[in-house]
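Please look over the sequence and the structure shown below before reading on. The paragraphs after it walk through the chain in steps.

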Amino acid sequence: MSEAPATPPTDRLGEVAAPKARLLNVANLLTMVRLALVPGFVLLLAHGDGHDPAWRSFAWAAFAIAMITDLFDGELARRYGLVTDFGKIADPIADKAIMGAALIGLSALGDLPWWVTAVILARELGITLLRFWVIRHGVIPASRGGKLKTLTQGVAVGMYILVLTGPLATSRAWFMGLAVILTVVTGFDYVRQAVVLRRTGLAAEADGREPGGVPGDQDGAAQAVAGAGAGAGEPAADRQQGA
């Protein structure tokens with residue numbers, strides 16, 4: 001008598017559970033490379049008096065590699081199911097670390113006004129804390145404006161790292177101005193989303209149900225949360241990217 005084929009494991013919604021990603025995967029390796037680049041970037045940027053064109057070019061190369069790995073690790077994790085708890089924590093830390101190091105380094109060298117660094121870093125830290133504040137009510141997905149902000153910041157900071165003169169030196173100031181505007185505007189938009197999300201969550205709790213569910217229907221609530229995550233178009237590991 002032949003045995004019945006083994007039933008694949010399912011989650012609480014009755015769907016086939018995806019295999020857990022290994023901690024040591026290519027997406028996490030790229031994230032660790034980005035973290036390792038931070039001290040190297042700082043040393044290159046501050047070499048000598050900090051204004052040698054050759055060393056600044058090396059620093060720009062390290063910064064560019066970090067920005068490129070930021071694009072690829074999220075895409076790889078999303079496409080090949082390489083999402084891990086380590087990646088969820090380390091990826092946003094790596095993003096903030098390389099950008100923060102660049103902004104503080106440039107301001108310390110006198111190339112970038114301190115108020116620009118303060119505005120950008122305050123916004124990034126504030127949004128990160130805001131996400132934790134509302135995390136039990138849901139996840140604030142990365143918006144197109146947030147992704148555009150990240151791209152603009154990367155281009156502007158990269159131009160400031162290089163020793164530029166003439167029209168290029170003038171254009172980088174305009175790029176940085178645009179980055180600051182997008183930083184502030186998208187920051188207010190995330191605050192608005194967080195307030196709405198928290199109010200909705202508190203109202204749902206007052207009714208004795210989870211957001212998106214009905215009283216006593218925990219499975220329905222879980223389905224609503226899962227559907228909201230799918231509608232955002234990004235996995236949990238990538239929702240903060242480009243915020």
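The model is predicted: local features need pLDDT of at least 70, side-chain atom pairs count only at pLDDT 80 or more, and totals for chains, interfaces and linings use all residues. Residues are numbered from 1 along each chain as its sequence is written, and side-chain values use heavy atoms, with hydrogens and water left out.

The chain has 7 helices and 0 strands. Helices here are DSSP runs of H or I with at least four residues, strands are runs of E with at least two, and both are numbered from the N terminus. Read from the N terminus, the order of elements is α-α-α-α-α-α-α. Of the 243 residues, 37% count as buried, where buried means under 20% relative accessible area, exposed means over 50%, and partly exposed lies in between (1.4 Å probe, protein chains only). Among the contacts with a separation of 6 or more, 73% join residues 24 or more positions apart; a contact means heavy atoms within 4.5 Å.

Start with helix 1 (residues 26-45) and helix 3 (residues 85-108), whose axes come within 9 Å and cross at roughly 15°. Helix 1 is therefore roughly parallel to helix 3. Angles under 35 degrees count as roughly parallel, over 145 as roughly antiparallel, 65 to 115 as roughly perpendicular and the rest as oblique. Axes are lines fitted to C-alpha atoms, for helices over the stretch in contact, and the angles run from 0 to 180 degrees between N-to-C directions. The crossing of helix 1 and helix 3 is left-handed, a term used if the near helix is turned anticlockwise from the far one by less than a right angle, with clockwise giving right-handed. The residues of this contact comprise 15 nonpolar, 4 polar and 3 charged. Ala, Val, Leu, Ile, Met, Phe, Trp, Tyr, Cys and Pro count as nonpolar, Asp, Glu, Lys and Arg as charged, and the others, Gly among them, as polar.

Within helix 1 lies T31. Is T31 buried or exposed? Its relative accessibility is 2%, so T31 counts as buried. Leaving aside residues up to four places away in sequence, T31 touches D73, A90, D91 and A94.

Helix 3 also packs with helix 4, at an angle of about 160° and with the axes 9 Å apart. Helix 3 is therefore roughly antiparallel to helix 4. Helix 3 contributes K96, G100, L103, I104, S107 and A108 to the contact, and helix 4 contributes W114, T117, I120, L121, E124 and T128. These residues divide into 6 nonpolar, 4 polar and 2 charged.

Helix 5 (residues 144-161) has 18 residues and reaches 26 Å from its first C-alpha to its last, close to the expected 26 Å. The expected span is 1.5 Å times one less than the number of residues. Buried residues of helix 5 include G146, K149 and T152.

F188 and R123 are 65 residues apart in sequence and 9.2 Å apart in space, C-alpha to C-alpha. After helix 6 comes G208, with a positive phi near 75°.
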